[in-house]
Amino acid sequence: MKNLIIGNLKMNILTLVERERYIETFKKELKSKKLPDSKIILCPPAVHIENFFKNIKSDKVFFGAQNIFSEERGSYTGEISAPMIKNIGAKYVIVGHSERKRYFFEDNQIANAKIRLALKNGLIPVYCVGETKDERLLGNAAEVIMKQITEGLADISSAKIQTVVIVYEPVWAVGSDEVPTCNEILEAKILIKKLFSHAYSPAIAEKIKILYGGSVKNKTVKQVCLDAGMDGALIGRESLIPSEFLKIAEAISMNSEQEKINNK
Ligand code: PGA
């Protein structure tokens with residue numbers, strides 16, 4: 001499956017009525033969309049995963065959590081463990097999101113512990129990397145991304161690394177209306193591929209999926225995703241509106257379908 005289109009619903013959908021409305025609208029919109037060669041991954045708040053899993057049945061749609069704790073079991077009041085989300089229908093988990101870094105002070109070592117735990121439990125980690133505005137202005141973007149990749153993915157075998165999904169999410173583009181240029185995204189993508197090639201092998205670097213995240217909208221998807229040849233997108237705000245979210249998903253899917261035809 002070439003494309004992954006991930007919806008990060010964040011801390012939204014507050015009532016059961018809202019949840020039902022979201023699910024019903026999503027299912028209705030899904031019926032009218034062409035999504036060849038693509039997987040849609042919805043990441044609702046953890047309390048809703050089971051209900052989403054039970055009520056949205058489609059071979060195109062999978063589910064993920066927005067976070068797990070870095071330990072598997074024990075006295076960690078309020079935390080959610082990898083097997084818990086796995087057992088209620090999640091296949092994926094987002095790790096290293098910039099909002100976890102900003103509000104919960106998570107660093108690369110914490111991301112590494114979570115990624116390893118996710119892999120141990122058969123979950124696919126969706127690892128977010130990217131620089132802040134200040135880091136970019138100081139010319140440190142490449143160094144920051146390099147550290148996030150090398151520290152966040154330390155001690156992971158070649159066999160396991162191939163399942164990890166990387167998202168390049170410049171922190172300044174998340175939740176804002178600013179988006180990087182296609183060239184800036186390409187630079188980050190090439191850097192990440194080089195790091196994988198060096199740490200593992202060129203074949204693994206080729207295989208690894210790199211998505212783009214940060215203010216993806218139907219009108220920006222060409223610039224931030226299609227032109228840079230990304231393997232999909234991580235979508236925040238627009239994933240709260242199923243019609244917009246699935247429009248973006250369709251644009252990504254149909255673009256790679258067209259590329260396949262052109263390459264024949
Ligand atoms: P946004 O969020 O699309 O609202 O910028 C992106 C994200 O959280 O990954």
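**View 1. Residues Asn108, Gln109, Ala111, Asn112 and Ile115 of helix H5 meet Lys147, Gln148, Glu151 and Gly152 of helix H7.** By class, this contact of H5 with H7 has five polar, two nonpolar and two charged residues. The model shown here and in the other views is predicted. Helix H5 spans residues 108-120 and helix H7 spans residues 141-152. The two axes come within 8 Å and cross at roughly 40°. H5 and H7 are therefore oblique to each other. The crossing of H5 and H7 is right-handed.

**View 2. Helix H7 packs against helix H9 (residues 182-199) at an angle of about 40°.** The axes of H7 and H9 lie 10 Å apart. That angle makes H7 oblique to H9. The crossing of H7 and H9 is right-handed. On the H7 side the contact is formed by Ala142, Ile145, Met146 and Ile149. These residues meet Ala188, Leu191, Ile192, Leu195 and Phe196 in H9. By class, the contact of H7 with H9 has nine nonpolar residues, no polar residues and no charged residues.

**View 3. Helix H1 (residues 16-31) packs with helix H12 (residues 242-263).** The angle between H1 and H12 is about 35°, and their axes are 9 Å apart. H1 passes H12 in a right-handed crossing. From H1, the residues in contact are Tyr22, Thr25, Phe26, Glu29 and Leu30. Their partners in H12 are Pro242, Ser243, Phe245 and Leu246. Divided by class, the contact of H1 with H12 has six nonpolar residues, two polar residues and one charged residue.

**View 4. The largest pocket of the model is lined by 25 residues.** About 590 Å³ of space lies in this pocket. Among the lining residues, Lys10, Met11, Gln66, Asn67 and Arg100 lie nearest the centre of the pocket. Helix H4 (residues 98-104) gives the largest share of the lining, with four residues. By class, the lining of the largest pocket has 14 nonpolar, seven polar and four charged residues.

**View 5. The structure holds one cavity of 30 Å³ or more.** About 30 Å³ of space lies in the largest cavity. The lining of this cavity includes Gly96, His97, Ser98 and Lys101. Cys128, Val129 and Gly130 also line the cavity, as do Glu169 and Val171. The elements that give two or more residues to this lining are H4 and strand S5 (124-129). By class, the residues lining the largest cavity divide into three nonpolar, four polar and two charged.

**View 6. Helix H4 can be followed from the largest pocket to the largest cavity.** In the pocket, four lining residues come from H4. In the cavity, H4 is one of the elements that give two or more residues to the lining. Arg100 is among the residues nearest the centre of the pocket, and Ser98 and Lys101 are among the residues that line the cavity.

Terms used: Residues are numbered from 1 along each chain as its sequence is written. This is a predicted model: local features need pLDDT of at least 70, side-chain atom pairs count only at pLDDT 80 or more; totals for chains, interfaces and linings use all residues. Side-chain values use heavy atoms; hydrogens and water are left out. On a 1 Å grid over the protein atoms alone, a cavity is a set of points where a 1.4 Å probe fits but cannot get out, and a pocket is an open set with protein on both sides within 12 Å along at least five of seven lines; lining residues have an atom within 4 Å of a point. Grid points are joined across faces, edges and corners, and a volume is the space filled by probe spheres set on the points. Ala, Val, Leu, Ile, Met, Phe, Trp, Tyr, Cys and Pro count as nonpolar, Asp, Glu, Lys and Arg as charged, and the others, Gly among them, as polar. Axes are lines fitted to C-alpha atoms, for helices over the stretch in contact, and angles run from 0 to 180 degrees between N-to-C directions. Angles under 35 degrees count as roughly parallel, over 145 as roughly antiparallel, 65 to 115 as roughly perpendicular and the rest as oblique. A crossing is left-handed if the near helix is turned anticlockwise from the far one by less than a right angle, and right-handed if clockwise. Contact means heavy atoms within 4.5 Å.
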